[in-house]
Amino acid sequence: MSKLTPVLSANWDQADSFTIEGYKRSGGYKAIKSALEKTPDEVIQLVKDSGLRGRGGAGFPTGMKWGFIPQGDNKEHYLVVNADESEPGTCKDMPLLMANPHVLVEGIIIGSYAIRANHAFIYIRGEVAHVVRRVQEAIAEAYKAGFLGKNILGKGFDLDLTLHVGAGAYICGEETALLDSLEGFRGQPRLRPPFPAIAGLYARPTVVNNVESIASVPSIINNGVEWFQSMGTEKSKGYTLYSLSGHVANPGQFEAPLGITLRELLELAGGIRPGHQIKFWTPGGSSTPMFTAEHLDVPLDYEGVGAAGSMLGTKALQIFDETTCVVRAALRWTEFYKHESCGKCTPCREGTWWLVQMLHDLEDGKGSEEDLAKLLDLCDNIAGRSFCALADGAVAPIISSLKYFRDEYLAHQKNGGCPFDPMKSTKFEMAGI
Amino acid sequence: MAFTSEQEAIMDSIVARYPRKRSAIMPLLHYVQSISGYVTPEGIEKISEKIEVATAEVTAVSTFYTQYKSEPVGEYHVGVCINTLCAVMGGDEIYDSVSKHLGIENGETTKDGKVSLERIECNAACDYAPVVMVNWEFFDNQTPASVNQLVDAARAGNPPAPTRGPKSLRTWKQNSEVLAGLSDGLAGEGVSAGEPSKLGLKISREGGAK
Amino acid sequence: MSTEQLTEVEMITCVIDGFEVTVPKGTLVIRAAEKLGIQIPRFCDHPLLSPAGACRQCLVDVEINGRAFPKPQASCTIPVETGMIVKTQLTSPVADKAQKGIMELLLINHPLDCPVCDKGGECPLQNQAMSNGRESSRYEGKKRTYDKPVAISTQVLLDRERCVLCARCTRFSEEIAGDPFITLNERGALQQVGIYEKDPFQSYFSGNTVQICPVGALTGASYRFRARPFDLVSVDSACEHCASGCAMRTDIRRGKTLRRLAGNDASVNEEWNCDKGRWAFKYLTTRERVSTPMVRGEDGELHEASWPEAIAAAAAGLKGKRAGVLVGGRVTREDAYGYSKFARVALGTNDIDFRARPHTDEETSFLSSIALDLKTTYADLDKADHVVLVEFEPEEESPIVFLRLYKQSRKRSLKVSTTAARISRGNHKLGAVRVALSSVSDLTAKSVILVGERAAESAGALSTAVALAEKSGAKLAWIPRRAGERGALEMGAISTLLPGGRPVSDASARVDLAAAWGVDSLPTTPGRTTSEILEALNKEDELEAVLVGGVDPMDISADALSQLLNTFVVSLEISHSSVTAIADVVLPVAAVVEKRGSFADWQGSVHSFDKAQADALSRSDVRILTMLSEAMGKSINLPTVSATEREIASLGKWDGAKINFAPIASGSAPHAEGNHANLTSWRLLLDLGTLQEGEANLAGTARIARAHISSKRAGDLGVANGDLVKVSNDRGSLTLPVVIIDIADDSIWVPRNSLNSQVIPTLGFSSGIVTVVKA
């Protein structure tokens, strides 16, 4: 018996899974009926009891986040779904929204009902036209079916849902930058406090949740707290999407209980590509410190990964084999963070600019042992000094790669350049093209 | 150029989606791109007028986001993912190959205005690496040869269909309209999910790992 | 801080670097440290701007009740809490390293061109790099370069390489001025300050961004490469332009004013000023100065003369003659006192008036009875529940009043109403709505009615405003446009009042003052107003001579200059003007920077200033008037400004009976039909005003003159925005592009004294019926 637990992905092999008919056929829009029978507070309590934690990276308990919204304050409340999936390696929300957008819409209706919001937004990244089409159409279908709009299911609950399409800015995945972007400003993070639960969108109480977190809610309503709690580990309950990419025989999406290990997932994915060995991998996207073969049995839940020195993040498992130069990998990620730094604060803006130059020199064999010390000192001057967590993520691949592969950095100097043949790590090499 | 009354009405409908006008700035910028192919001065001035903010503030927003272009791009805008995973899996080779093939660099457009090239960051399709986006449609599991063929076909006016997307590739302007939140009726086209997306489900249905 | 506030605010005690400090709740750590004398380095932080936390230079170690923050915190964004222990760079190696690390990062892309940078020597980056930076940089890469400088307006230049992206300038423009014309553009390492290419940084307050820029990224075009800070002598001064009352700093090098900056006065301008106050000081050097006394000879020409010669000529022309005194609205209090005393003692007349502008008997009554007792202040604006603007445009006519209103508008959506014919840009920013004064009914004791000098142009407006204030308990304030008017009124430079508010009509007030002045009696005949003086000059048996201070006749009326032609004129002036051209005797006087003195702002607060150009030889008006009075044998005995100050202080204010205000009924605006229109106007802040001469960079940011008409009129005329119209009457015409706005269909608005739109000289009035046709 497989350890896999397809819930959100259970209908993805249906040709019409993204339509309202397809969704309903697989049990869709039942959860809103039972949710709207309950009081909003009961729904919040249910989600709290389930132990569902944020699937966007930080792992904050979803029900608790909902509970922070002040009630009876006579202000508008907003639910904003973060569908700005942009962390390198992360590729779960886009296939989910392409194949099953209605599960998100249903989750939004339930979440909005719980926090007493009458307007919800989906902030989706802009570089995915077809996913935008699917979500847009799902919203239109939901309106037509009476699941959105006025007096939903005759329960006196009104909800409007607006799809907001981004335009290429990783930082908008940070919830306060996302809110600024949604308000029509540059997507730069805001000072906290005030936190969004008190003053979020338009300075009104706002919940910002990841796509997968909200999409998980209908299943909890349908199947109950016990069902959800039966999966996962002590503090990391439920199922989640793990995304395997890179040098594995069969990359793809795997929905499994929290706490599964990479060794188990690799077995399902057919292992590392034939003839090669795992060298390093990220547990949850590029900003989570990298792991190596010694971490194959780390339970992939919030606590397990944290205890091993990284973060569960988005469960974006990017696998690299021995053909991959870790200096090149670190440089590319650093270039990404430089490209995506919003520019607001000094350490991130100037630090990533400098780091890229140093890593370029190191890759070209122009760096010395002293430069590695300087590199680490620079990371120390950036990490924990910046306005938001972007810069912390930026230095994570550098610090962790130096921890495990210091000699490889030095080998570039000895070799007078990169000792690796980039062609060997390509997929064409793998396919023998 | 002036905007038609129909276009103005669409802009007004975009503004009406939001509790506050200013929120409409991003879809309006996408919409301007759907008309002109890039963010024109006329577009900035019109948006400034529609949402009642200074032109400087519209500029501040439009220059923050990489999808908004200050100069015209090609009818087919080719983005090669060069973030770590795609780069390692072959994105670098694809970029070098297609850049040489077209004779243009990052941020440039072919003289015929048909194809432009951009090094892009992660596009949330890592299990399909190496990935190329054309007008923000997925072209999965690409090779240098496949991308060269793709751009040749695009220049000839006969681009291939995206791997996961509509049956035929839409132009940059047409897809900008989608990003502005305007339906083109093509959501029903294409697969529900690609094979890697369904892998876990498939294994689960088969009842085991091996 | 008042005791009232002390009891209201909760106080918090925390420990910084081992020292306890007690501050009001909400105080930021960086400010609490300042209170202890601990300077934490900073760039983006500014006490009057919202916290940004952007530069990260002010990182400190913080623990609260024994729980340490895992990483250093920006002291500019974190408020103190009870039980908080803060360690700055002085006691925490972590904070010290964090700060040095940030400084190193700030400098990697900075050009380090301090030797050629205007900011060098007074630069927070330079200073703090020395005090809180590493000894040397470890950066070996290439620096980011940009084209420079970029003129973001005619008066502000941007050097992006020097910019540390602290966002002070952009926050100022948005939060304080409400002019978000400069923004942060692009992203990441390419983020940069910029404008929309077609819309320059034309804010009336743009100069403040130059002043608060912590590096040399924003510089003033007029000062660029002119001086090094260490060669300048800085003198505290007061602004001579409007009645806002800004504290200023004047920087002098070798007897020449090189620049002026906003000074700090928390109760008035905080740390801001307007661009006119900052940059309009070249008037002093632009026109030819009157450098020596001059006397008109028998040949009809002015000839240079010695002081004794000129004083004798002036005295001969005035002694024993029926003469009036036109003071102008730009005098210091001390000079105004001199004119006032000169009129009464040397000329024996009450024919004196400071109003070089349209005025009425209703206004004279208002000024004589109520104006000096008004106690309204900026603080009342901060607390107001509703502010009514009566013929007053804050942004154009008293810009600091505008900033205060905008602050409250932004903070708490302060309700603002205006009687203006149209909503100006400034009033649009305030969210002001148009009202008819007679229909305002919801005022409370917390409301404020701000009456401008143009209320005198609208019959009954002052009367209605006074009645409204009395009925509702609302506070009333009179805000003239010019810096000297309130002081001149207090000093009795008006026909109805003697210094200190003593009514001319009150015998005991006259006796009181005559005793103080050591004269037998003071004139009892009621005096003439400005327009009456001018008319009397051309009437048989009325006035024979006139003494004119700094007055531009065209500000009074189109005919004023010609009315001065056939009489004996003594002109006290700094530069050659239309008055000196016709005067019989011209006596040079000191400009503001050349003398000591004071201005009273609209609140009545007095702002004293010392001579900024220490070696200037010119003398204040009051000194010249004393010489003249002595030559006439009736000395006013005010040999110096200091002596004048002492005499003013010893006289004190009148506490006897006051004149009663005589209200009048409201008139109605003339009705206009067809292609006729009722023209209204006011002056824009930046226009053709005399004191703005010689500063082309400033003039480049003035708003373009446009005729404002309703869409109905535009339709009738067949014009669209930008098309030209001709606005005319039997005296002349203006041709201006139109802008279609919300204004009464029978009205038209044009700027009063702008390029292509000088209403008074062209049309002969400031408001009235004109004909409007398509040009």
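The model is predicted.

Start with the make-up of chain B. It has 8 helices and 4 strands. Along the sequence they follow the pattern α-α-α-α-β-α-β-β-β-α-α-α. The C-alpha trace of chain B spans about 60 × 45 × 30 Å along its principal axes. Of the 210 residues in chain B, 60% are buried.

Next, consider which parts of the sequence meet. Take the contacts in chain B with a separation of 6 or more. Residues 24 or more positions apart account for 61% of them.

The domain assignment divides part of the chain. Domain 1 of chain B covers 5-64, and domain 2 covers 76-171. Their C-alpha centres lie 28 Å apart.

Now turn to the strands. Strands of a sheet pair through backbone hydrogen bonds, either parallel or antiparallel. In chain B, 4 strands form an open sheet. Their order is β2-β1-β3-β4, and the pairing is mixed. Which strands of chain B are the edge strands? They are β2 (115-120) and β4 (137-139), and each pairs on one side only. From one strand to the next, the twist averages 25 degrees.

One pair in this sheet deserves a look. Strand β1 (residues 76-81) of chain B pairs with β2(B) in the parallel sense. The two share 6 bridges. Find B:Tyr76 and look across: B:Val115 in β2(B) stands opposite.

Now bring in chain A. How many residues of chain A are in contact with chain B? There are 76, and they meet 68 residues of chain B. On the chain A side, the largest share comes from helix α7 (residues 129-144), with 7 residues. By class, that side of chain A has 35 nonpolar, 28 polar and 13 charged residues.

Finally, zoom in on two helices, one from each chain. Two packed helices are described by the angle between their axes and the distance between the axes. Here the pair is helix α13 (residues 326-340) of chain A and helix α5 (residues 84-102) of chain B. Their axes come within 8 Å and cross at roughly 130 degrees. An angle between 115 and 145 degrees is neither roughly perpendicular nor roughly antiparallel, so α13(A) and α5(B) are oblique to each other. From α13(A), the contact uses A:Ala329, A:Arg332 and A:Trp333. From α5(B), B:Thr84, B:Ala87 and B:Val88 take part. These residues divide into 4 nonpolar, 1 polar and 1 charged.

How values were computed. Residues are numbered from 1 along each chain as its sequence is written. Chains are lettered from A and ligands numbered from 1 in the order in which they are written. This is a predicted model: local features need pLDDT of at least 70, side-chain atom pairs count only at pLDDT 80 or more; totals for chains, interfaces and linings use all residues. Two residues are in contact if their C-beta atoms, placed from the backbone, lie within 7 Å. Ala, Val, Leu, Ile, Met, Phe, Trp, Tyr, Cys and Pro count as nonpolar, Asp, Glu, Lys and Arg as charged, and the others, Gly among them, as polar. Axes are lines fitted to C-alpha atoms, for helices over the stretch in contact, and angles run from 0 to 180 degrees between N-to-C directions. Angles under 35 degrees count as roughly parallel, over 145 as roughly antiparallel, 65 to 115 as roughly perpendicular and the rest as oblique. Domain bounds come from an automatic or database domain assignment. A residue is buried if 20 or more other C-beta atoms lie within 10 Å of its own, exposed if 12 or fewer, and partly exposed in between; C-beta atoms are placed from the backbone. Two strands pair if DSSP finds at least two bridges between them.
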